[in-house]
Protein chains: 2
Amino acid sequence: MTKHSKPLILVTNDDGISAPGLRALIAVMSEIGEVIVVAPDAPQSATGHGITINDTLYLNKISKDGDLITEYSCSGTPVDCVKFAVSEILKRKPDLCVSGVNHGSNSSINVIYSGTMSAAVEAGIEGIQAIGFSLLDFDWNANFEDIKPFIKKITLEVLENKLPEGVVLNVNFPKLKEKDIQGIKICRQAKAIWMEKFDKRKTPHGRDYYWLTGEFVNQDHGEDTDEWALKNGYISVVPVQFDMTAHHATQQLNTWNWNE
Amino acid sequence: MTKHSKPLILVTNDDGISAPGLRALIAVMSEIGEVIVVAPDAPQSATGHGITINDTLYLNKISKDGDLITEYSCSGTPVDCVKFAVSEILKRKPDLCVSGVNHGSNSSINVIYSGTMSAAVEAGIEGIQAIGFSLLDFDWNANFEDIKPFIKKITLEVLENKLPEGVVLNVNFPKLKEKDIQGIKICRQAKAIWMEKFDKRKTPHGRDYYWLTGEFVNQDHGEDTDEWALKNGYISVVPVQFDMTAHHATQQLNTWNWNE
């Protein structure tokens, strides 16, 4: 940022280029820095850290010359969007990548399925500071106005203090009015699972097919978790890493008879 | 396993139901337990932890009544396959889930893009012991014979000793003859990145499109990494967790001015 007065901010999401959550995020980021948008051309929820290697990719410039904000849509996943931005579009590494605002929660185990968070994680892998934002409201017309001041506050904190290397933030907002939000809490990912139910149906032609549905089950009563924070009116901030090594298990595994 | 003489083993992969790597894994697992296969009906490499929520899913029973091994193919991702197996197909929780053998490496940062490893991680989330196996050979006709004894050894160790809760194994095999393999090493995930290159082409109709390609860059000289082990002729075994919280960063983040 030394040579540039304003930070360069890459904005992406997984709900697609036309999502109101993305528009809210662009609005806040425009108050902070120079904004460039590279987002999927269609919804890409729950694509996790998928990338497109067995199919072609298309990139479309949406904005016109002279527009205040440069926008691209991409036919791939959120992770593809970050890769495109860094390798093909941007002339320098952005100072920050923000993803979202997701329509729906990415707390606890959802972080691993989330396209929103995978985009932030991909930016982190590429050495870019990154934050994923999600609102606990699946509605396309969810109210993002009440969380805008907090998005700005969190973003400015990150730009000022700098995240530790290899760490990105997973920020979730409760569905509350601004005045009812209790504050911001640093949390850990709650232990939770999805109990799947496959909704079995028949095509008009008589073939069985399924929809994946499920029920979220929080198995964690800890008051230091994101689930607890959100349930109690706080904004949850979980530091997320992409070194997936279970370092604590190494010692135990080394007692096994691997080479006998 | 108390009431059953043989362990129930779920086999899946990301290269699809017809991949030779899957056939090799089925062959080894058949020597150890009762095997059920639920694998994608087409290649699903690099789908990460994606699941199918915006599209229909199809499940096809491939095996016939009386066949020794029951096999299903599924139109979804590797993670969808595990969810289908656990929720729709299996009458009891399997004792083990194995995924692979992947045609190509899933060491270091590849773990996060890998459909093979995401299937193993999904099983881990559902409380099932799980191992992902990958061979450092992308060839469809790769030689899996030399690694079969090691696959059996590793699987038996896991069944006997039991993995710690919340931990699955990421096993990668060097492309070597059995006699040249130096042994099995418990490792950590090496710090590495992909330097992307987008291969830009034109459709026959004149529209620009891209293929995502890239070069793997190991940035980690540690001799405790999976990259080091593989380069030196060892089989790498990395314990992998799905609590993505960067616990080490919590203290530092709590010194920031979040609520002022």
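This is a predicted model: local features need pLDDT of at least 70, side-chain atom pairs count only at pLDDT 80 or more; totals for chains, interfaces and linings use all residues.

Before I quote any helix or strand content, a reminder to myself: helices (H or I, at least four residues) and strands (E, at least two) are DSSP runs, numbered from the N terminus. With that in hand I looked up residues 9-195 of chain A, and the span is 28% helix and 26% strand. Its end C-alpha atoms lie 37 Å apart. I picked that range from UniProt, where an unreviewed entry places the feature "domain: Survival protein SurE-like phosphatase/nucleotidase".

How does chain B superpose on chain A? I get a rotation of 180° with 0.0 Å of shift along its axis, and the RMSD is 0.0 Å. The two copies are thus related as by a two-fold rotation axis. I then compared the surfaces they use: 100% of the interface residues of chain B are also interface residues in chain A, so the copies meet through the same surface.

**Entry: the interface**

I looked up the contacts and found 82 residues of chain B touching 82 residues of chain A. The area buried between the chains is about 7,400 Å², and carbon and sulfur atoms give 64% of it. Which three residues supply more of chain B's share than any other three? They are M244(B), W256(B) and W258(B), with 11% of the area that chain B buries against chain A.

Next I went through the polar side of things. Between chain B and chain A there are 30 residue pairs in polar contact, both residues at pLDDT 80 or more. By residue type, the side of chain B that touches chain A divides into 42 nonpolar, 23 polar and 17 charged residues. I count 4 salt bridges between the two chains. I looked at K83(B) with E196(A), a salt bridge with the closest N and O atoms 2.4 Å apart. Helix 2 (residues 78-89) of chain B gives the largest share of the side that touches chain A, 6 residues.

**Entry: the annotated site**

I checked what UniProt marks as "binding site" (unreviewed entry again), and the annotation covers D14(A), D15(A), S45(A) and N102(A). These are spread over 89 residues of sequence, yet they cluster in space, with a largest C-alpha distance of 9.0 Å.

S45(A) sits in the loop between strand 2 (34-40) and strand 3 (59-61) of chain A. Which residues does S45(A) contact, leaving aside neighbours within four places in sequence? I find D14(A) and D15(A), plus I53(B) and N54(B) from the other chain. N102(A) is in strand 5 (residues 96-103) of chain A.

A cis peptide bond joins G100(A) and V101(A), with omega about -10°. In chain B, G100(B) and V101(B) are also joined by a cis peptide bond, omega about -10°. I also flagged S108(B), a non-glycine residue with a positive phi near 45°. S108(B) lies in the loop between strand 5 and helix 3 (110-113) of chain B.

**Entry: salt bridges within a chain**

Over all chains the structure holds 34 salt bridges. I looked up K152(A) with E31(A), 2.9 Å from N to O. K152(A) lies in helix 5 (residues 148-161) and E31(A) in the loop between helix 1 (20-30) and strand 2 of chain A, so the pair ties together parts 121 residues apart in sequence.

Technical notes
Residues are numbered from 1 along each chain as its sequence is written. Chains are lettered from A and ligands numbered from 1 in the order in which they are written. Side-chain values use heavy atoms; hydrogens and water are left out. Contact means heavy atoms within 4.5 Å. Buried area is the accessible area (1.4 Å probe) that two parts lose on being put together, summed over both. A salt bridge is a side-chain nitrogen of Lys or Arg within 4 Å of a carboxyl oxygen of Asp or Glu. A polar contact is a pair of N or O atoms within 3.5 Å; within protein, one must be able to donate a hydrogen and the other to accept it, and residues adjacent in sequence count only if both atoms are side-chain atoms. Ala, Val, Leu, Ile, Met, Phe, Trp, Tyr, Cys and Pro count as nonpolar, Asp, Glu, Lys and Arg as charged, and the others, Gly among them, as polar. Copies are superposed by least squares on the C-alpha atoms of residues with pLDDT of at least 70 in both. UniProt positions are given in the numbering used here, feature names are shortened, and annotations may be inferred rather than shown by experiment.
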